[in-house]
Amino acid sequence: MARQQERARRTRAAIVEAAAVEFARRGYAAASVNTILEGSHATKGAMYFHFESKEDLARAVLSAALDRYTDAIDRWKRVDADPFQVLHGIIVDLAERFADEVIVQAEFRLIIEPEFYSDVRSGGTQVWGLTAHELVLRAQRVGDLRPGADPAVFSRVLGACLAGQRYMLDMTTDSTGLRERFEESFEVLLEAMASESWLEEWRRNGWQDLTPLALAAAEEIAAEKVENDAKTRDDQSI
């Protein structure tokens, strides 16, 4: 039974990955179920065992992307550092995921399709956007925002800028990397809304690499999950 469950899990994961490749390349409407099956090496029966329709499969891709965003943001939330430095780390992480992870690429392509407009409000953009806003509020509390600057405006403009940069790179032949474009948008916004004291320190020292702290947080989260799973099993055995 355990072996069958593991095989079913791997089959489902392969179908979702192949679907992400197809959705990222062609969008939802033009995506071919046959191409997805070829990419996953699964049978049509296996696909319809796990997914009722192409829309159901697309929503599984959106859910997988949301899980990745959530895992990443949970790590960054545990990093104890300057809030703007943490937000920079999140932005760089997003750029790298857009460049390297087909699940994230597919999510970005799917949420602009009419069938999935509503998912923008509960998807990855919402996850990282809420955390970005929390970090900007924290920056305001410690005096890193310019007097009179509105954290809600900062967060809203940042989200719009990053989405716009992502779209523009798809529409043009610009070879600039997404990380550079994301950093460019963030830095322009900081020049307009961060406090002079924060800007002076940043111009002097630049961006910190907080990745090791985020990775350490990921290990901490994983250890806590193992401990909680073990406790759950012990409680169930009582």
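Guide: In helix α2 (residues 33-40), the buried residues are Val33, Ile36, Leu37 and Ser40, where buried means under 20% relative accessible area, exposed over 50% and partly exposed in between, with a 1.4 Å probe and protein chains only. These residues lie on the same side of α2, because they cover an arc of only 100° around the axis, the arc being that of the directions from the helix axis to the C-beta atoms. An α-helix has 3.6 residues a turn, so residues three or four places apart point the same way.

This is a predicted model, in which local features need pLDDT of at least 70 and side-chain atom pairs count only at pLDDT 80 or more, while totals for chains, interfaces and linings use all residues. Residues are numbered from 1 along each chain as its sequence is written, and side-chain values use heavy atoms, with hydrogens and water left out.

At the start of α2, a side-chain oxygen of Ser32 comes to within 3.3 Å of the backbone nitrogen of Asn34, whereas just after α2, His41 adopts a positive phi of about 60°.

As for the whole, the protein chain has eleven helices and zero strands, helices (H or I, at least four residues) and strands (E, at least two) being DSSP runs numbered from the N terminus. Of its 238 residues, 40% count as buried, and the C-alpha atoms fill a box of roughly 60 × 55 × 30 Å, taken along the principal axes. Among contacts (heavy atoms within 4.5 Å) between residues at least 6 apart in sequence, 69% join residues at least 24 apart.

Notes:
A polar contact is a pair of N or O atoms within 3.5 Å; within protein, one must be able to donate a hydrogen and the other to accept it, and residues adjacent in sequence count only if both atoms are side-chain atoms.
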